[in-house]
Amino acid sequence: MANISLQHIKKIYPGNVEVINDLNLEIYDKEFIILVGPSGCGKSTTLRMIAGLEEISGGELRIGDKIVNDVEPKDRDIAMVFQNYALYPHMTVYKNLAFGLKLRKMDKAEIDRRVHETAKILDIEHLLNRKPKALSGGQRQRVALGRAMVRDPAVFLLDEPLSNLDAKLRTQMRTEITKLHKRLQTTFVYVTHDQTEAMTMGDRIVVMKDGVIQQVDTPQNLYDSPCNMFVAGFIGSPQMNFIKAELAAKNGGLVVKFGEYEAPVADSPERRKYVGKPIVLGVRPENIHTMDDMPECGPECEADMQVELAELMGAEIYLYGMIAGNRMTVRTPSKAAVRSGDKVRLVFDCDRLHLFDPDTEGIIR
């Protein structure tokens with residue numbers, strides 16, 4: 001069993017600098033879980049505490065049924081892949097892969113078998129006699145993964161392993177690592193600041209901010225049902241639009257008013273408490289449509305936008321402009337043929353609007 005349990009974990013650096021405060025997280029056996037958040041949110045520190053590379057200031061960390069707070073990294077049955085690959089430059093790929101096994105005094109024949117088996121899986125057999133300086137970024141990344149794989153650990157820890165690669169190679173390696181997880185059937189804990197990586201790779205995503213977990217959920221649930229404005233704005237590209245608005249009662253239901261426009265929204269006892277009060281309306285760029293690309297949807301709200309900039313992204317156009325004093329981004333199919341400087345009539349899909357409390361920034365359900 002390679003489940004990981006973090007209970008009331010704290011990390012305080014000298015000078016009473018608190019980076020992690022009361023972190024609680026259960027990572028399931030064979031799960032691919034992703035820690036995501038902006039720089040400085042504590043995700044890499046959390047990973048390094050699981051690895052044993054950072055001392056835990058408080059709380060309890062279990063791997064399987066064993067408390068490992070004071071267990072040496074080499075005795076935790078984990079393997080870590082670093083952002084900078086951390087390969088030995090003077091050793092061949094073969095020796096890099098074999099080094100950890102030699103330290104364990106493993107039989108030569110078994111080392112050779114494991115190295116070649118791993119190299120075959122990662123398609124680096126033809127590189128075994130090369131040194132790291134003769135490898136491309138993607139090849140070095142494969143070697144770094146291979147060095148973790150040969151040990152057959154219970155847990156893989158990956159700290160932003162793709163951040164040094166170019167965009168095309170990152171996409172390719174995302175697929176490779178996902179396939180590798182399915183093949184190895186091992187627990188993966190993966191740290192990234194890239195929400196696209198998080199959305200495409202993880203079984204569950206842990207969104208962090210300032211050392212605090214904001215939400216833990218599947219990619220789809222995070223996208224559809226964010227718990228607060230931070231998660232809503234962090235997950236999704238381009239990010240969610242936020243509009244200063246007010247909630248009002250009308251004809252027995254509820255509407256959101258912003259500028260001269262209003263949009264009907266679902267009624268609920270919690271939302272009723274905000275009638276007559278300011279709120280923040282959240283709407284994703286792909287849930288705002290031009291009249292030409294209107295899909296079948298529920299209740300609608302129409303609004304005008306002066307397009308300041310139209311970015312052609314191939315199959316789509318990103319439109320940037322202002323609606324009721326709020327800066328907006330709209331994502332629409334390229335057939336919409338909207339250009340910079342145009343005034344365009346837009347339609348909001350009111351079934352996909354999110355309401356937030358402007359003070360707590362929490363969702364209003």
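**Aromatic rings in a predicted model**

Colleague: Which residue lies over the face of Tyr223?

Modeller: This is a predicted model, where local features need pLDDT of at least 70, side-chain atom pairs count only at pLDDT 80 or more, and totals for chains, interfaces and linings use all residues. Residues are numbered from 1 along each chain as its sequence is written, and side-chain values use heavy atoms, with hydrogens and water left out. A charge sits over a ring if NZ of Lys or CZ of Arg is within 6 Å of the ring centre and within 35 degrees of the ring normal. At 4.1 Å from the ring centre of Tyr223, the residue is Arg284.

Colleague: How many aromatic pairs are there?

Modeller: Rings of Phe, Tyr and Trp (its six-membered ring) pair if their centres lie within 6.5 Å. Planes under 30 degrees apart count as stacked, over 60 as edge-to-face and the rest as tilted. By this rule the count is 8.

Colleague: Are Phe230 and Phe234 buried or exposed?

Modeller: Buried means under 20% relative accessible area, exposed over 50%, partly exposed in between (1.4 Å probe, protein chains only). Both Phe230 and Phe234 are buried.

Colleague: What kind of pair do Phe242 and Phe356 form?

Modeller: Their centres are 5.8 Å apart. The planes lie at 75°, and the pair is edge-to-face.

Colleague: What is the relative accessibility of Phe356?

Modeller: Phe356 counts as buried. Its relative accessibility is 0%.
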